[in-house]
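Thanks for coming. I have one model to go through today, so please look at the sequence and the structure on the screen.

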Amino acid sequence: MARHLAAVLTKQILRRSANKAYSTSSNVPKGCLAVYIGETEKKRFVVPVSYLNEPAFQDLLSKAEEQFGYNHPMGGLTIPCREETFINVTSSLS
């Protein structure tokens, strides 16, 4: 259930932010997506789309849903966690 919810959340965010993020989308390679990480100051990371299927990454997406719902202030997927936490999670996925 959580995986399905995370996938739906991500698809909706990507659709809604497509127009806002168009100017930066050329900086994102095919098969990847940009995410904004941070609790106060946001930093942009580019990650493979395949991370969306990983349970550890889906836990981060659940946190994003709890805090932002479908309204992400950066115009793209925003995950409210410490940068160190994000790096630890994603480095274990590579």
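I will start with confidence, then take the sheet, and end with the aromatic rings.

This is a predicted model, in which local features need pLDDT of at least 70 and side-chain atom pairs count only at pLDDT 80 or more, while totals for chains, interfaces and linings use all residues. Residues are numbered from 1 along each chain as its sequence is written, and side-chain values use heavy atoms, with hydrogens and water left out.

Confidence, then. pLDDT is the predictor's confidence in each residue, from 0 to 100. The protein averages 76, and 64% of the residues score at least 70. Helices (H or I, at least four residues) and strands (E, at least two) are DSSP runs, numbered from the N terminus. Over residues 16-23 pLDDT stays under 50, and the model has five contacts there beyond four places in sequence; contact means heavy atoms within 4.5 Å. Where pLDDT is low, the predicted coordinates should not be read in detail.

Now the sheet. It is open, with three strands in the order E2-E1-E3 and mixed pairing; two strands pair if DSSP finds at least two bridges between them. At the edges are E2 (43-48) and E3 (77-79), each pairing on one side only. Neighbouring strands are turned by 40° against each other on average, direction ignored. Axes are lines fitted to C-alpha atoms, for helices over the stretch in contact, and angles run from 0 to 180 degrees between N-to-C directions.

E1, residues 32-37, pairs with E2 in the antiparallel sense over six bridges, and Val35 stands opposite Phe45 in E2. Helix H4, residues 83-93, packs on the sheet and touches E1 and E2, its direction making about 10° with that of E2.

What does a search for aromatic pairs find? Three of them in the whole structure. Rings of Phe, Tyr and Trp (its six-membered ring) pair if their centres lie within 6.5 Å; planes under 30 degrees apart count as stacked, over 60 as edge-to-face and the rest as tilted. Phe45 and Phe86 form a tilted pair, 5.0 Å centre to centre with 50° between the planes. That pair links strand E2 to helix H4, 41 residues apart. Both Phe45 and Phe86 are buried, meaning under 20% relative accessible area, with exposed over 50% and partly exposed in between (1.4 Å probe, protein chains only).

Why is the pair of Tyr51 and Phe57 tilted? Because the planes lie at 55°, with the ring centres 5.9 Å apart. Tyr51 is buried at 10% relative accessible area, and Phe57 is buried at 0%. Ring pairs link Phe45, Tyr51, Phe57 and Phe86 into a cluster.
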